[in-house]
Amino acid sequence: SSDLYAFMIAGTVNWLSNCAVGLLFPVIQKGLQTYCFLVFAVVCLTGALYLYFVLPETKNKTFSEINQSFAKRNRTPSKPQELSNSTVESMANAVAVTAISSMLEKSKIEVQEIESSL
């Protein structure tokens, strides 16, 4: 699913950022001495401003509402995927047929096991 890829990307960015901070901090501390944390304060302030002014609020919104919000912001047409009733019915029928055939297959195996044990 897409959640897995998002977690992988977030984890990779987190580890790379921590590595960069660990490698660059001694150099920054040597150069700026007492004011070395101003670099990190600027990065935090920039991130906070981006979060507040650029990213939309997503609390209590559905995925399609969030998608429409980004589409409006990026001036691209939003195309919500709507399924027709016939498509939903055919999908439901396919799921039902698969479930029934799986149950029949299991019952055949059980019957064969019972017959072989007799």
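Author: Let's start at phenylalanine 70, which has a relative accessible area of 34% and so counts as partly exposed (buried is under 20%, exposed over 50%, and partly exposed in between, using a 1.4 Å probe and protein chains only). Keep in mind that this is a predicted model, where local features need pLDDT of at least 70, side-chain atom pairs count only at pLDDT 80 or more, and totals for chains, interfaces and linings use all residues. Residues are numbered from 1 along each chain as its sequence is written, and side-chain values use heavy atoms, with hydrogens and water left out.

Phenylalanine 70 sits in helix 3 (helices are DSSP runs of H or I with at least four residues, strands are runs of E with at least two, and both are numbered from the N terminus).

Who gives the most to the nonpolar patch? That's helix 2, with six residues. Another member, valine 54, belongs to the loop between helix 2 and helix 3, and at 34% relative accessibility valine 54 is partly exposed. The C-alpha atom of valine 54 is 9.3 Å from that of arginine 73, although the two residues are 19 apart along the chain.

Now for the helices on either side of that loop. Helix 2 covers residues 37–53; its 17 residues reach 24 Å from first C-alpha to last, close to the 24 Å expected at 1.5 Å a residue (the expected span is 1.5 Å times one less than the number of residues). The number of buried residues in helix 2 is zero, so this helix lies largely in the open. Helix 3, at 63–74, has 12 residues and spans 16 Å, again close to the expected 16 Å.

A few backbone spots are worth a glance too. Most residues other than glycine have a negative phi. Asparagine 60 goes positive, with a phi of about 60 degrees; you'll find asparagine 60 in the loop between helix 2 and helix 3, and it is exposed at 75% relative accessibility. Just after helix 3, arginine 75 takes a positive phi of about 55 degrees. Glutamine 33, in the loop between helix 1 and helix 2, has a positive phi near 55 degrees and is exposed at 56%.

The chain has four aromatic pairs, counted when ring centres of Phe, Tyr and Trp (its six-membered ring) lie within 6.5 Å; planes under 30 degrees apart are stacked, over 60 edge-to-face, and the rest tilted. One of the pairs is phenylalanine 25 with phenylalanine 40, tilted at 35 degrees with centres 6.2 Å apart. Phenylalanine 25 is in helix 1 (residues 2–32) and phenylalanine 40 in helix 2, so the pair ties together parts 15 residues apart in sequence. At 23% relative accessibility, phenylalanine 25 is partly exposed, and phenylalanine 40, also at 23%, is partly exposed as well. Phenylalanine 40 also pairs with phenylalanine 37, tilted at 50 degrees and 6.3 Å centre to centre. Those two are about one helical turn apart because they sit three residues from each other in helix 2. Phenylalanine 37 is exposed, at 54%, and Phe25, Phe37 and Phe40 make one aromatic cluster.

Zooming out, the chain has four helices and zero strands, and buried residues make up 4% of its 118 residues. Mean pLDDT (the predictor's confidence in each residue, from 0 to 100) is 82, with 88% of residues at 70 or more.
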